[in-house]
Amino acid sequence: MAEHKLELRENVGATDEFKVTPWEVSGAIDYDKLTRQFGTSRITPELKERLHKDYGSGLHHMLRRDFFFSHRDLDLVLKDHEQGKGFFLYTGRKPSKGMHIGHLVPMVLTKWLQERFKCNLYIEITDDEGFLHKKYEWEDVQAAAKDNVLDIIALGFDPERTFIFRNTEYVRNVYPLLLKAARKVTGSTVKAVFGFDDSTNVGLSMYPVYQTIPTFFEKKRCLIPCAIDQDPYWRIQRDIAEGLGYYKTAAIHSKFMPPLQGVTGKMSSSAGQETAILLTDDEKTVKNKINKYAFSGGRPSVEEHRKLGGDPDIDVPYQWLSIMFEPDDAKLKQVHDDYRSGKMLSGEMKALLIEKINAFLRDFREGKKGAAKDVDTFMYKGKLAKEMWARTYE
Ligand code: TYM
């Protein structure tokens, strides 16, 4: 029993200024404080160097710009890679009706990592979690899962090295292992880590154990790209993994893409349609949302702006360009400097972001058109998918 206490901390991610849990992210997040509280490590320049060494297209901009900023055991993953032992990737998605561009952050980096390291990738679709949260009825959660799978396929993962699975379907292949893992996690642990109380349904209390299971899919180290809100699950995994004969999982954590209304908290589908850009938004909707809602670091009048300049640090359109939509460092710096000096106006910053997002979504919609025909490959018939359906975990 003592092993369960190794890495767990109560009330993690909660301070007077901000809160970061798998269910809630709010306030002005101090990411340094958060890494200390969670007990994770910052990604160092040395690790970044090792991540793209010998790789033609350089380091991904989300790593270059420290948007992925924290990790657990990334050094060991790279060591395993360098020694030829390899590793595998795992990420996931809780089905909901509207996937937004923030949800793509871990997916986009995962894709880069898969291309870079040519490794297997497991994508967990948590239809159980979605249902137990009581937000959706069974049919709705299944419909959302189906559509989210198409969204994910549209991003272009390697079909032979990627297995996408719904928890309620794949459970038959993992139930014995799930029970062995569940026996090692107490009610008081999930209460402390996730803030569950006596009114939480028992399904939800069990759910966190299932989220650890894909880290056991191979007898290699697992690397999980995700935003830092998911880290509490990995702390549980790291307390039980070795007792089950597996590696403690590694993880690589991003910050949060902020909502349109300002640089605090996170973009979230439950916070309302006007806070996020959804993957289903058409060009006009993107334009209207950004022009109407995006918090600007510009000055109240053009004269003042020209004289004093804008503040890119609090300007949501600039932040989104920096996080995701302007990969070219020189171009981003130009935008930054022009905005600071007052040469570039808020309207121009917004127009640039609108153009970039709409170009991205046009490509995405094209990808999604062809996705339905690939569902079978990713979920059942591709090389990795076939292997996974033939395998059971005891
Ligand atoms: P979900 O579906 O809420 O979110 C999917 C992934 O998106 C990240 N995320 C964000 N990243 C940056 N900015 C944002 N505004 C933002 N909002 C969400 C989340 O951190 C997550 O990585 N329980 C999980 C599903 C899951 C999973 C996993 C996630 C199952 N296994 C393994 C990551 C890795 C969930 O509810 O994610």
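This is a predicted model: local features need pLDDT of at least 70, side-chain atom pairs count only at pLDDT 80 or more; totals for chains, interfaces and linings use all residues.
A residue is called buried when its relative accessible area is under 20%, exposed when that area is over 50%, and partly exposed in between (1.4 Å probe, protein chains only). Residues are numbered from 1 along each chain as its sequence is written, and side-chain values use heavy atoms, with hydrogens and water left out.

Let's start with the rings. Rings of Phe, Tyr and Trp (its six-membered ring) pair if their centres lie within 6.5 Å; planes under 30 degrees apart are stacked, over 60 edge-to-face, and the rest tilted. Searching the whole structure gives 24 aromatic pairs. Phe216 belongs to the loop between α10 (202–212) and β8 (221–227), and Tyr246 to the loop between α11 (231–240) and β9 (250–254), so their contact ties together parts 30 residues apart in sequence. Those element names follow DSSP runs numbered from the N terminus: helices (H or I) have at least four residues and strands (E) at least two. Tyr246 is buried as well, because its relative accessibility is 14%.

Now step along to Phe217, which is stacked with Tyr393 at 5.1 Å centre to centre and 25° between the planes. This pair links distant parts of the chain, 176 residues apart: Phe217 sits in the loop between α10 and β8, and Tyr393 in the segment after α18 (383–389). Both residues are buried. They also belong to a cluster linked by ring pairs, whose members include Phe88, Tyr122 and Trp389.

A charge sits over a ring if NZ of Lys or CZ of Arg is within 6 Å of the ring centre and within 35 degrees of the ring normal. Lys219 places its charged end over the ring of Tyr246, 4.4 Å from the centre, and Arg116 lies over the face of Phe117, 4.2 Å from the ring centre.

Finally, have a look at strand β4 (residues 68–72), where five of five residues are buried. Two strands pair if DSSP finds at least two bridges between them. Strand β3 (residues 41–42) runs antiparallel to β4 over two bridges, with Arg42 partnered by Ser70. Strand β4 is also joined to β9, again antiparallel, by four bridges; there, Arg72 stands opposite Ala251.
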